[in-house]
Amino acid sequence: MGVRRDSFGGIFLVGLIFGFAEISNGGITSSYVRNDDLSLDMPLDSDVFRVPPGYNAPQQVHITQGDHEGKGVIVSWVTPDEPGSKTVLYWAENSELKNVAEGFILKYKYFNYTSGYIHHCTIKDLEFDTKYYYEVGVGNTTRQFWFITPPRPGPDVPYTFGLIGDLGQTHDSNRTVTHYELNPTKGQTLLFVGDLSYADDYPFHDNSRWDTWGRFIERSAAYQPWIWTAGNHEIDFVPEIGESKPFKPYTHRYHVPYRASGSTSPMWYSIKRASAYIIVLSSYSAYGKYTPQYKWLEKELPKVNRTETPWLIVLMHCPMYNSYAHHYMEGETMRVMYEPWFVEFKVDVVFAGHVHAYERSERISNIAYNIVNGLCTPIRDQSAPIYITIGDGGNLEGLVTSMTEPQPSYSAFREPSFGHGILDIKNRTHAYFGWHRNQDGYAVEADSVWLHNRYWNPHEGFIRGCVMKRSDSMSLEGACKVHSEYLRSLLQIIQNLV
Ligand SMILES: [Fe+2]
């Protein structure tokens with residue numbers, strides 16, 4: 001009997017080991033076959049770059065959130081010939097009352113380029129969940145647009161975010177924006193994870209490419225906020241041509257409400273929007289211990305009230321988990337600094353760009369390592385975020401196809417195709433993320449996952465994470481079935497042997 005018990009225990013242990021080996025295999029490397037030729041920039045006379053008609057007509061109109069909770073909007077635009085009017089006229093739909101907000105104007109020089117007149121105007125104290133029309137410009141060059149303010153922050157407010165990164169201005173970039181616009185799950189606000197115009201890929205960082213990019217995205221960014229994250233293509237640091245101030249074009253052109261979250265720099269900040277709390281970080285600003293960004297984030301994370309905004313989302317440019325060969329481990333230093341906080345404060349999802357492909361991680365962390373203990377492999381961790389790389393906007397540098405092999409266990413799904421994401425928050429417990437590749441129909445998802453909120457719904461995710469190879473792409477019922485089938489077959493083996 002003693003032998004039998006030992007055998008039983010040994011077999012059971014072996015069974016468990018095999019079971020977990022199966023569970024800890026890498027996820028899916030998509031076999032989708034695409035044309036990965038380098039995409040060309042759209043010609044300068046393309047309609048997407050069209051200069052609006054009329055002398056000094058406002059162009060490159062774009063909006064972003066203008067305060068911490070969603071009652072403010074920053075309206076930005078460029079007038080090419082002279083300063084023109086600094087004001088924005090705005091009014092609520094169905095209201096006769098027209099309001100005026102006063103902005104200010106910036107200009108900058110970059111090597112042999114001189115910018116137009118860059119306007120920024122913050123509209124404050126808007127009503128939540130209201131459609132507003134707004135006008136910029138004067139006389140017959142006045143241009144009218146509209147936006148809808150988000151609902152008041154609250155735990156069960158549904159809201160839909162789009163995700164785009166590394167966009168550029170190629171034919172593929174245009175396909176990405178078109179697919180985002182025509183996605184039947186309408187994104188209400190776009191979270192942009194860095195690398196905007198790719199102007200720095202042109203001779204002397206041709207800043208006129210910042211202008212063409214601004215005109216290209218206007219058709220979306222003038223009507224819904226684009227939430228900005230800085231990428232490496234925003235650094236524009238070229239001391240050889242006298243340009244030694246990093247982020248000069250980006251910070252002149254794209255303003256964010258950083259002071260409203262107590263930040264001292266536009267490179268990192270936070271906003272509340274509906275049921276989400278969004279923290280934007282800068283991969284290219286100092287983030288080590290004692291730096292301003294570190295000290296800000298240290299104070300910021302404990303402030304997040306998950307009863308008001310259950311969904312804690314972090315945006316950064318350089319991914320912390322990336323199994324492609326390109327940019328492999330570039331995010332490692334920031335991961336070492338900030339991953340323990342992401343786990344401690346139960347961040348739901350981290351979106352990044354930089355790698356020109358798509359990848360979704362399992363819920364994993366790698367925070368136990370202390371040099372001498374050797375615990376340097378990511379492990380399943382239900383307090384950890386899911387990491388999603390969405391740097392597949394479609395720029396002139398092309399796709400990244402080379403991957404580390406075999407696919408690491410932390411990588412749930414990876415595919416090098418251009419596309420965009422949609423994060424559809426349903427309530428405090430559930431959100432749905434879908435990834436849409438540009439070659440598919442507008443409603444098609446090439447990858448999707450139900451997100452279970454880490455603060456309000458961590459237990460369900462734990463059960464699923466324990467029993468499934470790809471825990472988040474199957475229903476709970478499906479997961480339980482897999483688990484019970486696994487145990488049943490294990491029991492059968494044991495009975496046969498005993
Ligand atoms: Fe990048």
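Predicted model: local features only at pLDDT ≥ 70, side-chain atom pairs only at ≥ 80, totals over all residues.
Select the iron ion together with Asp195, Asn232, His317 and His354, which coordinate the iron ion through OD, OD1, NE2 and ND1 respectively, at 2.1 to 2.3 Å. The angles among the four donor atoms run from 89 to 169°, and the site is irregular. Along the sequence, the donor residues follow the spacing D-x36-N-x84-H-x36-H. Asn232, in the loop between strand 14 (226-227) and helix 4 (248-253), and His317, in the loop between strand 17 (311-315) and helix 6 (332-344), are 85 residues apart, a pair that links distant parts of the chain.

Next, select Ile74, Thr122, Val256, Pro257 and Arg259, which lie nearest the centre of the largest pocket, among the 22 residues of its lining. The volume of this pocket is about 480 Å³. Strand 6 (104-106) and strand 9 (117-123) are the elements that give two or more residues to its lining, and strand 9 gives the most, with three. By class, the lining holds 10 nonpolar, six polar and six charged residues.

Finally, move to the second largest pocket, of about 360 Å³, where Trp146, Gly187, Gln188, Tyr223 and Gln224 are the closest to the centre of the 17 lining residues. Strand 11 (143-148), helix 2 (171-182) and helix 3 (208-221) each give two or more residues to this lining, which comprises eight nonpolar, five polar and four charged residues.

Notes: Residues numbered from 1 in each chain as written. Heavy atoms only, no water. 1 Å grid on protein atoms, 1.4 Å probe; cavity = no way out; pocket = protein on both sides within 12 Å on 5 of 7 lines; lining within 4 Å. Points joined across faces, edges and corners; volume = space filled by probe spheres on them. Helix = DSSP H or I, 4+ residues; strand = E, 2+ residues; numbered from the N terminus. Nonpolar A, V, L, I, M, F, W, Y, C, P; charged D, E, K, R; others polar. Donors = N, O, S within 2.8 Å, 3.2 Å for Na, K, Ca; no water. Tetrahedral: all angles 85-135°; square planar, octahedral: opposite > 155°, others 65-115°.
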